[in-house]
Amino acid sequence: MSTVTSARALSPAPAGPRRRAALDWRVRFGVLALIWGFSFLLIKVGTEGYAPFQVTFGRLLFGTAVLAAAMTVKRERLPRGVRTWGHLTVAALLLNALPFSLFAYAELTVPSTLAGICNATSPLWGMALSLVALSEDRPTRSRVAGLGIGFIGVLTVLGVWQGFHGLDATGTAMALLASLSYPVGWIYVRRTLAGTGHSHLSMTGAQLLLATAQLAVVTPLFTTLPSHFPVVPLLAVVTLGALGTGLAMLIQYGIVAEVGPTTAQMVTYFIPVIATAAGVAILGESLSWSTPVGAVVVLAGAALTQARPRP
């Protein structure tokens, strides 16, 4: 759900004139925010009928099917080279298999609203890691301040003054680890796969295919085949994969190509708002004052960390 940075890292956008999309990018931006915002609700519904690894495997399977169809229509080929596929295997683990599984396991014990807010901490983790791992990302006062403000927001969401009362520590830690996995994956991709010459669609299709293969191996080892298939959770998994993973990635890469990653990554700030509204309105999840207040502080900090110094 946090893949805008990886879109920028994989390869540069092709040069030359771009075809004007049928829908204005602002409309697609809103659709993308809704899809990713509702993804946390779909995860919660999916885990009510299936094991977390099964939810993740189904999500990846249907997401890969959408990208495979798009590649067929556009006559795109999978990338070549053992080295490229080796790096894509690691990227698939860090950007898809691991965070998707962690969020699914987290939502067994934490509300979808909290999972959505934890997802918004990815820019904070990314800022902290890039200062260490990427020499070209120089710290500025505003970005360091954003990092501090963001983590104050995280502590507010968790209600640290109450001793994290009412929160499942394991589930919350899994959600935060999932959000940390994304920037680790982005940095890895940026260091190993940038400028390969392959298209975004080709690289992402291969990445999702590898993540699906990883879950195909892991899922049977830790789960048993369901004796029955509840319809509503199954529909949630199919929707999560086809829309929340496959279609969302196609929309996101189109927005990045049209208006650039800086504008596209602003979708990150709408996701927790939509996830919170969906969790409260549809699932009836409770909401204390510290959750929305902390979320606003997290988003403010995340916005500061993304600020670029003026030339």
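Two rings of Phe, Tyr or Trp count as a pair if their centres lie within 6.5 Å. Keep that rule in mind, and remember that the model on your screen is predicted.

**Stop 1: the ring pairs**

How many aromatic pairs does the rule give? The count comes to 7 aromatic pairs. Select Phe-29 and Phe-270, which form one of them. Their centres are 5.6 Å apart. The planes stand at 90 degrees, and the pair is edge-to-face.

Now trace the chain between these two rings. Phe-29 sits in helix α2. Phe-270 is in the loop between α11 (261–264) and α12 (271–281). The two residues are 241 residues apart, so this pair links distant parts of the chain.

Is Phe-29 buried or exposed? Phe-29 has a relative accessible area of 12%, and buried means under 20%, so Phe-29 is buried. Phe-270 has 41% relative accessibility and counts as partly exposed.

**Stop 2: a tilted pair**

Next, select Phe-53 and Phe-222. Their ring centres are 5.8 Å apart, with 45 degrees between the planes.

Phe-53 is buried, at 14% relative accessible area. Phe-222 is exposed, at 60%.

**Stop 3: a cluster of rings**

Ring pairs link Trp-25, Phe-29 and Phe-270 into a cluster.

**Stop 4: a charge over a ring**

Select Arg-59 and Phe-100. What lies over the face of Phe-100? Arg-59 does, at 3.6 Å from the ring centre.

**Stop 5: a nonpolar patch**

Pick Leu-23, Val-27 and Val-31 together. These residues form a nonpolar patch on the surface. Together they have about 230 Å² of accessible area. Leu-23 lies in the loop between α1 (4–10) and α2 (25–47).

**Stop 6: a glycine in a helix**

Finish at Gly-86, in helix α4 (residues 82–106). Gly-86 has 35% relative accessibility and counts as partly exposed. Now draw a line from its C-alpha atom to that of Leu-210. The separation is 10.0 Å, although Gly-86 and Leu-210 are 124 residues apart along the chain.

Technical notes: Residues are numbered from 1 along each chain as its sequence is written. This is a predicted model: local features need pLDDT of at least 70, side-chain atom pairs count only at pLDDT 80 or more; totals for chains, interfaces and linings use all residues. Side-chain values use heavy atoms; hydrogens and water are left out. Patches are made of residues with over 30% relative accessible area and no salt bridge: like charges are joined within 9 Å, nonpolar side chains (Val, Leu, Ile, Met, Phe, Trp, Tyr) within 5 Å. Accessible areas come from the Shrake-Rupley method with a 1.4 Å probe; for residues, only the protein chains shown count as cover. A salt bridge is a side-chain nitrogen of Lys or Arg within 4 Å of a carboxyl oxygen of Asp or Glu. Helices (H or I, at least four residues) and strands (E, at least two) are DSSP runs, numbered from the N terminus. Rings of Phe, Tyr and Trp (its six-membered ring) pair if their centres lie within 6.5 Å; planes under 30 degrees apart count as stacked, over 60 as edge-to-face and the rest as tilted. Buried means under 20% relative accessible area, exposed over 50%, partly exposed in between (1.4 Å probe, protein chains only). A charge sits over a ring if NZ of Lys or CZ of Arg is within 6 Å of the ring centre and within 35 degrees of the ring normal.
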